[in-house]
Amino acid sequence: MGTDLKISTRSTVERYSDALLDLSHSIHAEPELAFEEHRSAEKITSLLAREGFKIDRGVADLDTAFVATYGDGELVLGLCAEYDALPEVGHACGHNVIAAASVGSALALRDVADQLGITVKVIGTPAEEVGGGKVLMLERGVFDDVSFSMMVHPAPYESCAAKSLAITDLEVHYKGKPSHAAAAPHLGINAADAVTVAQISISLLRQHLEPGQMVTGIVTNGGTVPNVIPARASAMFDVRAENLESLQRLENRIRDCFQAGALATGCTHEVEQVSPIYAELTPDSWLADAYRRAATDLGRRPLSPEQEQREKIGSTDMGNVTRVLPAIHPTIAIDCGDAVNHQQEFATACASASADRALLDGALAMAWTTIATATDSQQRARLLARGGAA
């Protein structure tokens, strides 16, 4: 049975290959930022609607989120689709490939859903780069009936149980007092200096960070003109760590550095959490092993489990999903030379022949992982027991 199902899903992916590649290239050509992905969401849902999926748009009170559903089996699969882009560099994280791969896998599984006793859902999750779409959708019940979930993410290397860092985005705002920078600088309170003190404090702190902790940041407002003491200034920092517990310890220290800037200059300050906190990935080991077998059968060469432990993929709100239900977030390799995610060269590679091949292989690998899961009585019972049945 499993062999016939794999043959069937391969045939479906091949049959829809042109439509899937067109979808990927179209999303890539019109990049949209977090919570603004109206065209991308419409392209995905329109294709799925034509293919018999029931579409719920604007779920979780998010205009660009959706759920596309096919089937009524008790085992519910959630295929996550991402489609937001980055400022300036567009789809330099390959979310166009992610979205199209999940659509391809859903179409392949649609044709065997009754045989497998599954419900297939494509869950459109906006704002992964910033904004935490999956976190909001989790909190608002979108994943409540999902038994297990997966997606594939393009990267320079192939992994099955990818690791990521927990992250919180913090923006600090300082308020001082303006004054003429030459005639009466002593009457001003320099908010830009407060940012500088905070930056220096954080730089000195880096020597004492725990393993796996990381801080990066930019100045988002440093004043307006040089002859006026800046009365307002701000900076944004990504604060990362290997897990949520370590992240909380680091965040406490970073907030102390923000306080140092205020104390040293006489400014007042406020700290804003820009996005929901992203947890680290905790992939389901059985699903990861099943995906490894599928990817290997397709001729791909994933890193060994030992190598995977040494690699990090940045941060993702899929980590929050993996903490709530069995899920995986494998990476799939594309030919990108020396480029890495979030570089312009990687964006170019995400619309290449290599990315197209990764899209189709990723769709099929997820379909085969689902077949292995749904036809294994022990795993099926395990997933249903967690309360994710429809």
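**Notebook: salt bridges in a predicted model**

I looked up Asp 284 and found it buried at 13% relative accessibility (buried is under 20% relative accessible area, exposed over 50%, partly exposed in between; 1.4 Å probe, protein chains only). I am working on a predicted model, where local features need pLDDT of at least 70, side-chain atom pairs count only at pLDDT 80 or more, and totals for chains, interfaces and linings use all residues. Residues are numbered from 1 along each chain as its sequence is written, and side-chain values use heavy atoms, without hydrogens and water.

I then checked the partner of Asp 284. Arg 382 meets Asp 284 in a salt bridge at 2.9 Å, N to O (a side-chain nitrogen of Lys or Arg within 4 Å of a carboxyl oxygen of Asp or Glu). Arg 382 sits in helix H14 (residues 377-388), Asp 284 in the loop between strand S10 (268-273) and helix H9 (285-297), 98 residues apart. I took helices (H or I, at least four residues) and strands (E, at least two) as DSSP runs, numbered from the N terminus. Arg 382 is partly exposed, at 33%.

Next I looked at Asp 111. It bridges to Arg 15, with the closest N and O atoms 3.3 Å apart. This pair joins the loop between helices H4 (95-110) and H5 (113-116) to helix H1 (residues 2-15), across 96 residues. I also found a salt-bridge network linking Arg 15, Glu 51, Arg 110 and Asp 111.

Last, I checked Glu 210. Its side chain forms a salt bridge with Arg 249 at 2.9 Å, N to O. Glu 210 is partly exposed at 30%, and Arg 249 is partly exposed at 42%. For the whole structure I noted 22 salt bridges.
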